[in-house]
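Please look over the sequence and the three-dimensional structure below before reading on. The report that follows describes selected features in words.

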Amino acid sequence: MSTFDTIPQTRQEALVEVLLRLADDRLILGHRLSEWAGHGPELEEDLALANIALDMIGHASALYEYAAKLDNKPDEDYFAYFRDDIDFKNIALAELPRGDFAFTIARQFLFSLFSYFLYKDLIEIVEDEQFNGMLQKHFKEIKYHLRHSREWVLRLGDGTDESKSRIQNAFDNIWMYTGEMFEIDEPFKAAIEHNLYTKVAKWQSEWRTFVNSTLTEATLTVPDYEQYMFTGARSGRHTEYLGHLLAQMQFLRRSYPDAEWK
Amino acid sequence: MTESSTNTTEWPLWEVFYQPSDGKPFEHAGSVHAPDAEMALLNARDTYARRNEGIAIWVVPSDQITASSPEDRGAFFDPANDKAYRHPQFYSVPRAVKKRK
Amino acid sequence: MDTQKQLDDFQKRIDNGEKIEPKDWMPERYRKQLIRMMSQHAHSEIVGMLPEGNWITRVPSLKRKMVLLAKVQDEAGHGLYLYSGTETLGVTRKELIEDYIYGNAKYSSIFNYPTLTYADICVIGWLVDGAAIVNQTMLAKSSYGPYARANLRICKEESFHKKQGYEMLAKMANGTPEQRKMAQDAVNRWWWPTLMMFGPHDSDSPNSAELIKWGVKTKTNDELRRHFVDRTVMEAEAIGITLPDPELSYNEETGHWDFGAIPWDEFWSVVKGDGPMNLERIKARKIAYEEGEWVRKAAKEYARKRKLEKAS
């Protein structure tokens with residue numbers, strides 16, 4: 001448990017917590033993807049990565065907006081620009097540096113697949129109309145992100161020797177950051193009580209089966225699930241990378257907080 | 001595929017057609033480079049449907065398109081010019097019927 | 001060799017306002033000029049992603065961040081349309097790209113200036129895209145079909161680029177003292193380079209007459225520049241921005257705005273490679289291209305393997 005963590009007591013507090021966790025994942029990973037703009041391996045792929053980045057930042061923005069309304073904050077920007085790294089609730093997987101194209105694809109595939117199962121499940125469970133509406137809308141785009149990243153895993157895995165070793169390395173290196181996706185801590189437990197989150201363990205084996213079959217099809221070796229797993233980012237124990245990301249993202253807004261920037 | 005395109009890492013060219021809305025004929029949008037058909041479809045979507053331009057996409061390898069040549073222009077299309085009977089304007093309709101429309 | 005009869009027939013088609021399509025006969029020189037012009041236009045879109053991309057991770061609100069990302073993405077799309085259009089003339093994208101990364105193919109010099117503050121992003125939208133729209137609206141009527149169609153699509157998408165920049169600049173120009181300072185400073189830096197975007201004066205533009213004769217362009221550099229200045233003066237005034245030209249004055253006789261001397265020495269020096277960001281821009285594109293090589297190769301190899309499997 002981190003220094004500031006409080007367990008949500010009410011349904012509304014639990015909802016805000018879930019909204020922020022989902023949004024932070026998407027903002028931070030969207031930020032990493034946006035770093036590709038103008039630097040992609042081919043023009044068509046530049047467009048594709050920017051599309052996914054736009055979707056993810058858009059999802060984050062919508063989730064923040066709803067959280068701001070519930071939590072009496074001025075707007076969606078409050079959460080993105082005026083919190084420090086220890087207040088961010090994203091998993092560490094999202095904040096790791098951009099890396100090469102193989103790393104970007106490996107991360108996107110694992111995260112999109114997780115999001116796919118999560119959203120599919122939440123759409124069935126969540127009673128809150130506004131939240132559910134967003135989930136349904138964003139789910140369509142997540143399906144596309146999954147398709148795009150899966151296709152690339154196959155091509156890089158079963159492409160050339162170089163691409164194979166790059167994507168294999170990417171999966172090996174990112175593996176220890178996948179554990180956080182399936183953690184259920186106290187705030188999530190509270191959210192589950194209110195049908196605002198789900199017991200992700202239900203479909204963890206399905207997630208693994210999908211990962212295994214894709215990696216096998218891509219002629220890759222599936223890393224060991226039972227290895228050391230990074231933990232703590234959801235409650236503010238991040239990697240060193242997040243601070244630098246936020247310093248860049250927030251500096252102008254924080255330098256002139258009273259100015260109009262929208 | 002031509003010799004040179006197999007020798008380089010450049011992806012082949014595909015022509016992209018999209019259907020603007022239900023029931024409408026497909027229109028040519030432009031082209032994309034892609035290594036294979038599935039990626040061509042994804043690239044076409046990311047390139048030509050960023051603003052909800054369509055509901056369905058076709059992709060065709062550019063080198064599979066057979067086109068009429070400019071010299072065919074006369075032979076192919078002019079003969080239709082004097083076949084007025086193919087066009088509805090060729091026929092007159094009684095005034096009363098026109099009014100009812 | 002192109003015969004006189006062919007040239008005359010071709011000119012007749014142009015004068016009749018007909019569009020030239022890829023398989024049609026065209027003078028070799030027309031084809032060459034088009035490749036040069038269209039690929040320069042394409043390179044400009046691609047290099048143009050860099051100065052704006054420089055701010056994507058620092059935009060001060062989520063809304064504007066998405067606007068900027070969408071805009072930079074559009075530029076990749078526009079580059080793509082234009083490269084595709086150029087490819088109809090019998091060159092490959094690879095050749096074109098390598099021509100400016102390793103060769104000396106040109107792109108618009110405007111992108112060799114740095115984006116120092118967020119106001120630069122607004123000013124690029126307002127002035128640089130504003131100027132590009134003036135140019136591209138004309139090119140949408142170009143005699144070469146694929147070029148005209150690419151520009152038509154670009155114009156449709158680009159109108160939001162200018163609008164968003166002008167809207168945000170207006171907010172900054174009427175905002176806090178710091179915002180006002182950034183806004184005015186950005187305009188001061190971008191104004192003259194923007195006017196140079198239309199190219200040298202007609203008297204110093206060797207290609208212009210030929211391009212107009214062939215209907216590739218329908219207006220001269222100076223005509224387009226004047227049109228742009230006339231429009232921009234009013235827009236600047238409306239948001240309390242001063243254009244950095246003391247000689248700017250309305251000419252009752254011509255009905256246009258007269259402006260001061262454009263610093264052409266700077267223009268030619270940046271065109272020839274000596275601009276503040278020339279090396280950086282090419283380096284960034286070169287890195288992207290070379291680091292993308294293994295990705296393009298892998299996808300191609302995967303496709304080859306699948307084809308073999310299918311065949312066996």
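How are α6(A) and α9(A) oriented to each other? The model is a predicted one, in which local features need pLDDT of at least 70 and side-chain atom pairs count only at pLDDT 80 or more, whereas totals for chains, interfaces and linings use all residues. Residues are numbered from 1 along each chain as its sequence is written, chains are lettered from A and ligands numbered from 1 in the order in which they are written, and side-chain values use heavy atoms, with hydrogens and water left out.

**Two helix pairs**

The axes of helix α6 (residues 129-157) and helix α9 (residues 204-217), both of chain A, come within 8 Å and cross at roughly 40°. Here helices (H or I, at least four residues) and strands (E, at least two) are DSSP runs, numbered from the N terminus, while axes are lines fitted to C-alpha atoms, for helices over the stretch in contact, and angles run from 0 to 180 degrees between N-to-C directions. The answer to the opening question is therefore that α6(A) and α9(A) are oblique to each other, given that angles under 35 degrees count as roughly parallel, over 145 as roughly antiparallel, 65 to 115 as roughly perpendicular and the rest as oblique. The crossing in which α6(A) passes α9(A) is right-handed; a crossing is left-handed if the near helix is turned anticlockwise from the far one by less than a right angle, and right-handed if clockwise.

On the α6(A) side the residues that meet α9(A) are A:L146, A:R150, A:V153 and A:L154, and their partners in α9(A) are A:F210, A:T214, A:L215 and A:E217, where contact means heavy atoms within 4.5 Å. Sorted by class, this contact of α6(A) with α9(A) has five nonpolar, one polar and two charged residues. In this scheme Ala, Val, Leu, Ile, Met, Phe, Trp, Tyr, Cys and Pro count as nonpolar, Asp, Glu, Lys and Arg as charged, and the others, Gly among them, as polar.

A second pair joins two chains: α2(A) and helix α4 (residues 62-87) of chain C pack with their axes 10 Å apart, at an angle of about 160°. The helices α2(A) and α4(C) are therefore roughly antiparallel to each other, and α2(A) passes α4(C) in a left-handed crossing. Among the residues that make the contact are A:L47, A:L54 and A:Y64 of α2(A), together with C:L69, C:A76 and C:Y83 of α4(C). The residues of this contact of α2(A) with α4(C) divide into 14 nonpolar, six polar and three charged.

**Individual residues**

| Residue | Relative accessible area | Class |
|---|---|---|
| A:N72 | 71% | exposed |
| A:T219 | 34% | partly exposed |
| C:Y147 | 1% | buried |
| C:Q179 | 0% | buried |
| C:T137 | 37% | partly exposed |

In chain A, the residue A:N72 lies in the loop between α2 (43-70) and α3 (76-81), and its phi is near 55°, a positive value in a residue other than glycine. A:T219, which is not a glycine either, has a positive phi of about 60°, and A:T219 is found in the loop between α9 and α10 (241-255) of chain A.

In chain C, C:Y147 belongs to helix α7 (residues 145-173) and touches residues including C:L34, C:H41, C:L82 and C:L139, not counting residues up to four places away in sequence. C:Q179 sits in helix α8 (residues 177-196) of chain C, and with the same exclusion of residues up to four places away in sequence, C:Q179 touches A:A259, A:E260, A:W261, C:K171 and C:M172. C:T137 has its place in helix α6 (residues 118-139) of chain C, and the C-alpha atoms of C:T137 and C:C155, 18 residues apart along the chain, are separated by 6.5 Å.

**Chain B**

The secondary structure of chain B comes to four helices and three strands, which follow the pattern α-β-β-α-β-α-α when read along the sequence. Of its 101 residues, 31% count as buried in chain B. Chain B averages a pLDDT of 83, with 87% of the residues scoring at least 70; pLDDT is the predictor's confidence in each residue, from 0 to 100. Within chain B, confidence is lowest in helix α1 (residues 3-7), at a mean of 45, and highest in strand β3 (residues 56-61), at 96.

Notes: Buried means under 20% relative accessible area, exposed over 50%, partly exposed in between (1.4 Å probe, protein chains only).
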